[in-house]
Amino acid sequence: MKNILVTGGAGFIGSNFIRHMLEKHQEYKIINVDVLTYAGNLENLKGIANEQNYKFIKADIRDRKKIDDIFTTYNITTVVNFAAESHVDRSIEEPEVFLTTNIIGTQVLLDTAKKYWKVNPDDKYCKQYKPGVKFLQISTDEVYGALGSTGMFVEAMPLLPNSPYSASKASADLIVRAYHETYGMPVNITRCSNNYGPYQFPEKLIPLMINNCINNKDLPVYGDGMQVRDWLHVSDHCSAIDTVLHKGADGEIYNIGGNNEKTNIEIVKLIIKTLGKSEELIKYVKDRPGHDRRYAIDNSKITSQLGWAPAYTFEEGMKETIEWYLNNTDWIYNIVSGDYQMYYMKMYD
Ligand code: NAD
Ligand code: DAU
């Protein structure tokens, strides 16, 4: 049996991934390590807390001692590292925690994995690892920087991150790569485009706009609203990670995206229309500093080499997502009634 350490599993993508894995692969044990920041929410995992092959541990990935204990106790054979500070706007306000969690936290996990997985950990020239082990780093397309009106991100492109968030993610990618090159660690890095779907924290564009629209509140569009993002349903991201986990070649980087480029204003108008509200709710606000203009993922490596393809069309995915938020107003209410309210007032008022 594989014992998979999923970090950040109480967040948006991590919790969806744990559900996916428990459904598809009963043969694995999932150990979810999450420190439960403002973005971590155990309600995202409701219904699976007592499953036999699932265990939650509250811990910080920067805590070397705790991570070491977890590797010993659970004989970890695979790491899927989702844990991160993930919101660009917050990284502009308070960059430091992005550097410690996203970079140092990743390095602590890599170091511990090296200690337990290397056949001869005392021999610095040994590049042999126990069979079947893997470290999978969940990265982002933002590490490539911004595109003009044409072109797409490919894996071989130089990294040109523009925000403290994306710079921290790019740094983590380079550390992961270095552990492969120097120590021979079996690693993969995935770089995905913008995700949407159930359990996304309502600081991000789509759930924020749905929640505000439901409550007839202003819809704050940054700048001219013509920035482009390439949207992927979170369950397609999870199936892509599952594919890389099982089929990814050691040391390789895989872009993940669903070829769904949309301007922000298109998304906002689609939400308004679906919810039957008025475009008068749209409020253009000051632009995000250093705002990346366009992202677009070339996914041909993962589709042609590993045979992965997204299942959702954007239209189906958005319809289902809007319905999910309409049916889960309690989930949103529990979040927006606390600290989030203060964050929102600071950002938008
Ligand atoms: P999220 O903010 O919803 O969740 C992050 C989780 O990490 C939270 O549960 C939080 O409590 C946990 N965490 C934060 N710091 C921690 C620490 N020091 N120790 C342990 N746990 C910690 O983020 P998300 O949107 O689910 O993103 C997950 C990963 O995917 C991130 O690495 C992000 O960079 C990457 N990613 C996200 C997207 C997207 O569109 N959301 C796209 C591509 C890549
Ligand atoms: O591309 C992948 C990245 O996507 C991930 O690595 C990040 O973790 C994730 O947060 C996301 O980053 P973005 O900055 O693209 O996502 P966000 O939802 O914050 O914003 C999407 C776009 O919408 C962006 O152009 C900014 C704009 N926006 C966002 C908010 C929150 C608005 O116009 N108004 C808003 O209120």
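Predicted model: local features only at pLDDT ≥ 70, side-chain atom pairs only at ≥ 80, totals over all residues.
Trainee: At roughly what angle do the axes of helix α2 and helix α4 cross?

Mentor: The axes of α2 (residues 64-74) and α4 (residues 96-117) cross at roughly 35° and come within 10 Å. The crossing of α2 past α4 is right-handed. On the α2 side, the contact is made by R64, I67, D68, F71 and T72. The residues contributed by α4 include V108, L109, Y116 and W117.

Trainee: How many residues of the contact of α2 with α4 are nonpolar, polar and charged?

Mentor: This contact comprises seven nonpolar, three polar and four charged residues.

Trainee: Is G258 buried or exposed?

Mentor: Burial is judged by relative accessible area, with a cut-off of under 20%. G258 has a relative accessible area of 14% and is therefore buried. G258 belongs to the loop between β11 (253-256) and β12 (261-263).

Trainee: Which residues does G258 touch, not counting residues up to four places away in sequence?

Mentor: With those residues left out, G258 touches D230, W231, L232 and P310. K114, by comparison, is 144 residues from G258 in sequence, and their C-alpha atoms are 33 Å apart in space.

Trainee: Which of the 29 residues around ligand 1 come nearest?

Mentor: The nearest of these 29 residues are I13, D34, S86, Y165 and K169. For I13, a polar backbone atom is 2.8 Å from an oxygen atom of ligand 1. A backbone N or O atom of G11 lies 3.0 Å from an oxygen atom of the ligand. D60 instead uses its side chain, with a polar atom 2.9 Å from a nitrogen atom of ligand 1.

How values were computed: Residues numbered from 1 in each chain as written. Chains lettered and ligands numbered in written order. Heavy atoms only, no water. Axes fitted to C-alpha atoms, helices over the stretch in contact; angles between N-to-C directions. Helix = DSSP H or I, 4+ residues; strand = E, 2+ residues; numbered from the N terminus. Left-handed = near helix turned anticlockwise from the far one by under 90°. Contact = heavy atoms within 4.5 Å. Nonpolar A, V, L, I, M, F, W, Y, C, P; charged D, E, K, R; others polar. Buried < 20%, exposed > 50% of the residue type's maximum accessible area, 1.4 Å probe, protein only. Near = heavy atom within 4 Å. Polar contact = N/O pair within 3.5 Å; in protein donor to acceptor, adjacent residues only side chain to side chain.
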